[in-house]
Amino acid sequence: VLHIVRPPPLCYYHGTAPPGHRGGSHVKIIQRYIGGQLLKTFSISLGVFTFILFMGNVIRILDMLERGVAGGLLLRLFLSFIPYLLVFSIPMSILTSCLLVFGRLSADNEITAMRACGISYRKIFQSGVLLALALAAVSWVVNASLAPRAHYAIRKLRNQVGAQSPAALLEPGVFIDYFKPYQFYIGSKVGSLFKDVIIYEKLPDGRDRFLKASHGEIVSDEARRIVFKLFDGTMEEPPKEGESASVSATFKTYIVKMGLDEEDGGVPKKMADYTFAEPIAKTRQWRARLATARSPIYRRDTLRRISITLTEASERLVYTFCVIAFVMVGMPLGIVAHRGETSVGAAISLALVGLNYAFIICVEALQERVWLYPFVLIWLPNAAFAVLGPWLTWRLDRR
């Protein structure tokens, strides 16, 4: 394309093209050329990265196949993996595309030719920015709705293999709300002993009874029903309507009888299964409970829940906007690296993506530390890339 682009008259550089001269068409041709290269490279990268990520789940599928999963169920499981994997493969693919395309343009001196024709970096990068905005819109749909629904569908499909006892649903680290009228949380599990047990019981008048025990165990595990014994804990009830005094007590043992709800097949949702609207709605619920919390234990746990749900909502937004951040840093970085080899561009891409996702994982591990504001901390990589990209472009422009 650059062979047919001849340098325009000197007056064009100063923004005063002579009559009949169509210098802007040259820019549009170059932008279409760059956009086409980016889109082609992105499509190939998306297929490769999605396939690589999917291979990590092959063991799960083979495990289900050994357990006698029907072919139709296996196909549904395969299709359910794809939206969840796109959360990670879309940002990785667009960053790799920017590094490869602009690295090759730089290595072949095509960027130098464009600059000699008076084309600014703003015009050169325009196609990449437009592609980033389009992919961010697609990524938002994936992160906010498709991926969590797919993740939940995977877990429900896995639970269709064989009959499981209700005790199998008591996963540590999961907030379980399918034993109505209880909402259940377990910190950890050691053998048959559950530690750091938290239960919210919805009373008939709409109030929430709060239970926290150091440990507990299952006394009876029958069909769709559990009898749970709690040890060494506290119980608190907010005041009834028209009263000012709340009820607070400690206990050595406390018996809880729970029946498994039939809704959604009895599979409790994890945070990764919630659509974007659900963590926001739960945050409002926790804040409403915070207004009635009197004891320090109740307040600390409620604040912890708010932090977890806000961090989950922020994570969906971070994965969406990192597409734009990666493009902003990938285009100038590809030119600065000045390498056209695929291996170099892929290595830089994997390094940046690895650092970004490693930081997000670390923040997830700290999401219960309210004082760290993890729902704000999780934005730091995107902010760093958003600053680094324009700075690299400014450095290029001053060469």
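The structure is a predicted model, in which local features need pLDDT of at least 70 and side-chain atom pairs count only at pLDDT 80 or more, while totals for chains, interfaces and linings use all residues. Residues are numbered from 1 along each chain as its sequence is written, and side-chain values use heavy atoms, with hydrogens and water left out.

**The chain**

The secondary structure comprises twelve helices and six strands; helices (H or I, at least four residues) and strands (E, at least two) are DSSP runs, numbered from the N terminus. Of the 399 residues in the chain, 46% are buried. Buried stands for under 20% relative accessible area, exposed for over 50%, and partly exposed for the range in between (1.4 Å probe, protein chains only). The accessible surface comes to about 19,900 Å², and carbon and sulfur atoms hold 61% of that area; areas come from the Shrake-Rupley method with a 1.4 Å probe, and for residues only the protein chains shown count as cover. Among contacts (heavy atoms within 4.5 Å) with a separation of 6 or more, 68% join residues 24 or more positions apart.

**Helix α9 and its two contacts**

Helix α9 covers residues 296–337, and its axis comes within 9 Å of the axis of helix α8 (residues 277–290), with a crossing angle of roughly 165°. Axes are lines fitted to C-alpha atoms, for helices over the stretch in contact, and angles run from 0 to 180 degrees between N-to-C directions. The two helices are therefore roughly antiparallel. Angles over 145 degrees count as roughly antiparallel, under 35 as roughly parallel, 65 to 115 as roughly perpendicular and the rest as oblique. α8 passes α9 in a left-handed crossing, the term for a near helix turned anticlockwise from the far one by less than a right angle; clockwise is right-handed. Contact residues include Trp 286 and Arg 287 of α8, and Tyr 298 and Glu 312 of α9. The residues of this contact divide into nine nonpolar, three polar and six charged. Here Ala, Val, Leu, Ile, Met, Phe, Trp, Tyr, Cys and Pro count as nonpolar, Asp, Glu, Lys and Arg as charged, and the others, Gly among them, as polar.

Thr 283 lies in helix α8 and is buried, with a relative accessible area of 2%. Leaving aside residues up to four places away in sequence, Thr 283 touches Ile 306, Thr 309 and Leu 310.

The axes of α9 and helix α12 (residues 380–397) come within 8 Å and cross at roughly 25°, so α9 is roughly parallel to α12. This crossing of α9 and α12 is left-handed. Among the residues in contact are Phe 321 and Phe 326 of α9, and Phe 385 and Leu 388 of α12. The division for α9 with α12 is 17 nonpolar, three polar and no charged.

**Loop and strand residues**

Most residues other than glycine have a negative phi.

Leu 203 lies in the loop between β3 (193–202) and β4 (208–222). With 9% relative accessibility, Leu 203 counts as buried. Leu 203 touches Arg 209 and Glu 237, not counting residues up to four places away in sequence. Tyr 182 is 21 residues from Leu 203 in sequence and 9.3 Å from it in space, C-alpha to C-alpha.
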